[in-house]
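Here is a short report on one protein model. Start with the structure, then read on.

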Amino acid sequence: MSTARSEFKPFTLAFVQLGRIGMNKEENLNHAREMILRAASGEGHSKKPDLVVLPEYFNTPLGEAALPDWAEDIEFEPGRPYDATSSNSPSVKMLANAAKETGTWIIGGSIPERSGQEDKPFNACTVYNPTGEMVARHRKLHLFDVDIPGGVTYKESDHVTPGSTMNYFDTDFARIGLGVCYDVRFPELAMVAARRGCQVVIYPALFSVATGQMHWEILQKSRAVDNQVFMGMCSPARNNEAKLPAYGYSTVVDPTGKILVQAGEDEEVIYADIDPAVFESARSGIPVTTQRRFDVYKNVAD
Ligand SMILES: O=C(O)CCC(=O)C(=O)O
């Protein structure tokens, strides 16, 4: 992580709500690559995007496969970007080369990451700059262990090892905070990202349909309004044949809580033009960011 906060400039985001995530990894990667190239061309939008985002487990059919069999080793040392275009990890290699070829930043959704966790991989999100360097990695911190009567029962911690660091990265247009899916339910993560100067927070996600219907929008609006930041979650497309179908409805929300753009349930690319003026006016109009009483609630974790 770098310490000099990025200047916030207008930029365009593309979210790839990816479909066709099946049992053949090579096909999954080829299709993801095609969709990144399509998104990066700005097809159907007035401007080419600066940053392309993929969903959680973009290369893996969650619930259908044993995650360890799909896991890849990811080489990364925080604060040390490196050229990942020749990586031994097929997913990392594809993402780094797509970033270089298109000249765009890429948040590569997430993949199961082995890196020493033979039985329970991490659920890891990696980020690439336009020259194909990996600049950040976020391992999902909070695991989806839930039992909702009539809804969904799932124990992610049976299959996944949680990460233990918070992560953001700097571009030439913004500082961007990272989370994965269930991390969004823990307001502290986005709050700390905002306090460290992130103007945008992005979470690749794969919500269940039941919890998506309940909370997908409100969680994103809450994190955006609490922290007066742009907030987005990128989902896979709905696949009703999957054991745990994804909700879909990839969304970007502005710092006032307004939805800028939202996908439907099928595969599609959505674009959002991010305007720093909206961020500035949200913060000057309702200045909660400078009115906080950390003198009173500084020991909130006690
Ligand atoms: O928080 C939710 O409702 C869904 C989270 C989830 O599906 C996950 O983290 O895998």
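## From one residue to the whole fold

P90 lies in helix α3. Helices here are DSSP runs of H or I with at least four residues, strands are runs of E with at least two, and both are numbered from the N terminus. This is a predicted model, in which local features need pLDDT of at least 70, side-chain atom pairs count only at pLDDT 80 or more, and totals for chains, interfaces and linings use all residues. Residues are numbered from 1 along each chain as its sequence is written.

P90 touches L29 and E72, not counting residues up to four places away in sequence. Contact means that the C-beta atoms of two residues, placed from the backbone, lie within 7 Å.

E267 sits in the loop between β15 (259-262) and β16 (268-274). E267 is also partly exposed, with 19 other C-beta atoms within 10 Å. Beyond four places in sequence, E267 touches Q17, L18, G19 and A237.

Two long-range pairs give a sense of scale.

| Pair | Apart in sequence | C-alpha to C-alpha |
|---|---|---|
| E267 and A124 | 143 residues | 22 Å |
| P90 and A242 | 152 residues | 24 Å |

## Overall build

The protein has eight helices and 16 strands. Its C-alpha atoms fill a box of roughly 50 × 45 × 35 Å along the principal axes. Of the 302 residues, 48% count as buried. Among contacts with a separation of 6 or more, 68% join residues 24 or more positions apart.

## Strand β6

How many residues of strand β6 (residues 122-128) are buried? Seven of the seven are, so the strand is largely enclosed by the rest of the structure. One side carries F122, A124, T126 and Y128. The other carries N123, C125 and V127.

β6 has several partners. Strands pair if DSSP finds at least two bridges between them. β4 (residues 105-107) pairs with β6 in the antiparallel sense over two bridges, and I106 stands opposite Y128. β5 (residues 111-113) runs antiparallel to β6, joined by three bridges, and I111 stands opposite A124. β7 (residues 133-139) is antiparallel to β6 over five bridges. Here C125 has H138 as its bridge partner. The hairpin of β6 and β7 has four residues between the strands, and G132 takes a positive phi near 90 degrees.

## Core

The largest nonpolar core has 92 residues. Such a core is a set of buried Ala, Val, Leu, Ile, Met, Phe, Trp, Tyr and Cys residues joined through C-beta atoms within 7 Å. V16, V53, I106 and Y128 have the most contacts inside this core. Helix α3 (residues 90-102) gives the most to this core, with six residues. Away from its neighbours within four places in sequence, V16 contacts residues including M35, I36, V53 and V269.

## Ligand shell

F144, E156, C181, Y182, R185, L206, F207, S208, T211 and H215 surround the ligand. A shell residue has its C-beta atom, placed from the backbone, within 6 Å of the molecule. The shell divides into five nonpolar, three polar and two charged residues. Ala, Val, Leu, Ile, Met, Phe, Trp, Tyr, Cys and Pro count as nonpolar, Asp, Glu, Lys and Arg as charged, and the others, Gly among them, as polar.

Key. A residue is buried if 20 or more other C-beta atoms lie within 10 Å of its own, exposed if 12 or fewer, and partly exposed in between; C-beta atoms are placed from the backbone.
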